Amino acid sequence: MYLNLHSHLEGRVRPATAAELAAAQVLVAADAPRSAEEWERALRLDGPADLTTYLEKVGASYPFFDTHEHIFRIAKEAVLDASADGQDYLELRFGPATHARAGFSIADVVAAAAAGVREGSRMCGMPAGLVIAVLRSPRHRETLLEVARAAVAQAGAGVVGFDLAGDEQRFPELEPYAEAFALARSAGLGLTCHAAEAAGANYARQAVELLGVSRIGHGAYVAQDPEVLAWIRDQGVVIECCPTSNWYTGAIADVRDHPSRIFREQGVAMVLGDDNPMQTGSTLRDERLVLGRSLGFDRTDLQLLDETSVGAAFLEDSVRTALQVRLGA
């Protein structure tokens, strides 16, 4: 069973869609990509690089998140593509504040993405949800709360969770985001946080204690701190692993060095995601193969991964029960 619990909407834009939307926007710069093939080269990394290069590739898709119709289409297609990959459930991370502007508010951006996710799910029958992210930055408190309010407004209508993402080294403090997370929690949204991805393991523990999250995005540095690792395990906190992405950002030297091996050995609950599959060329199906071929996960390990994923996903009870029945069949 394939549950994708860490995947970014901005990292799932089809090259063909990019080419079509670019033409509609009359992007006529001399070096601007034109065809789907050119956009695939513009969006995809040639191989492992560093986080700056990785994020530049992701950012190449940002101009397409400019209208309700475009965001709706990209979100719908992301769900359809995940279903075509054989996935059984998809959670899409999405930072709406990046795409808002005068006349197109954060609430408008979230509503468009939520509608696209609902339509994609209707078309293919695969459940999916949005995890709305606030971004680490010196943003005003009101902007953070505006993102939280927009997420809450779509709770039960496509939005299932709340996240914090962004440059952890430049903006490590978590206290400024506590109020927004409390608002999301009050609406019943699931809570997760990118943490210990680029900074020390203790930031993962702080995310649990200060923000109340049940899951940690990436959490690579947790594996380097035995005390925090044991605490995360004992608290039942779930680590969202994205092996190929961590290799492509330069967080690990080789995919075989991914800390998921340590998490498995130490009994830490973990789930899987493909992060930004357009940039890495690795979908969730490929990530499952990485676990088996490069990291030594056997059938029993993958069964436990699936069971953990069904339990940790930000799902309605009826959908969770249906997936549990399928998993046990």
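A residue is called buried here when its relative accessible area is under 20%, and exposed when that area is over 50%. Keep in mind that you're looking at a predicted model.

Let's begin with helix α9, residues 226–235. Its buried residues are V228, L229, W231 and I232. Viewed down the axis of α9, these buried residues fall within an arc of 165°, so they line one face of the helix. The general rule behind such a pattern is simple: an α-helix has 3.6 residues a turn, so residues three or four places apart point the same way. Turn to the other side of α9 and you'll find P226, E227 and D234 exposed.

What do the buried residues of α9 pack against? Their partners are α8 (202–211), β7 (238–241) and α11 (260–265). The two ends of the helix are worth a look as well. At the start of α9, D225 has a side-chain oxygen that comes within 3.1 Å of the backbone nitrogen of E227. Just past the helix, G236 adopts a positive phi of about 75°.

Now over to the strands. Strand β3 (residues 128–136) pairs with β4 in the parallel sense, over seven bridges. Strand β4 itself, residues 159–166, is mostly covered, with seven of its eight residues buried.

On we go to β5 (residues 190–195), which runs parallel to β4 and is joined to it by two bridges. Here G161 has G190 of β5 as its bridge partner. The right-handed β-α-β arrangement turns up here too, made by β4, helix α7 (residues 178–186) and β5.

How many of the six residues of β5 are buried? Six of the six are, so the strand is largely enclosed by the rest of the structure. In a regular strand the side chains alternate between the two faces of the sheet. Both faces of β5 are covered: G190, T192 and H194 are buried on one side, and L191, C193 and A195 are buried on the other.

Look for A195 standing opposite H218 in β6. Finally, α8, one of the elements that the buried residues of α9 pack against, also has a part here: β5, α8 and β6 make a right-handed β-α-β unit.

Conventions: Residues are numbered from 1 along each chain as its sequence is written. This is a predicted model: local features need pLDDT of at least 70, side-chain atom pairs count only at pLDDT 80 or more; totals for chains, interfaces and linings use all residues. Side-chain values use heavy atoms; hydrogens and water are left out. Buried means under 20% relative accessible area, exposed over 50%, partly exposed in between (1.4 Å probe, protein chains only). Helices (H or I, at least four residues) and strands (E, at least two) are DSSP runs, numbered from the N terminus. The arc is that of the directions from the helix axis to the C-beta atoms. Contact means heavy atoms within 4.5 Å. A polar contact is a pair of N or O atoms within 3.5 Å; within protein, one must be able to donate a hydrogen and the other to accept it, and residues adjacent in sequence count only if both atoms are side-chain atoms. Two strands pair if DSSP finds at least two bridges between them. A crossover is right-handed if, with the strands pointing away from the viewer, the path from the first strand over the helix to the second runs clockwise.
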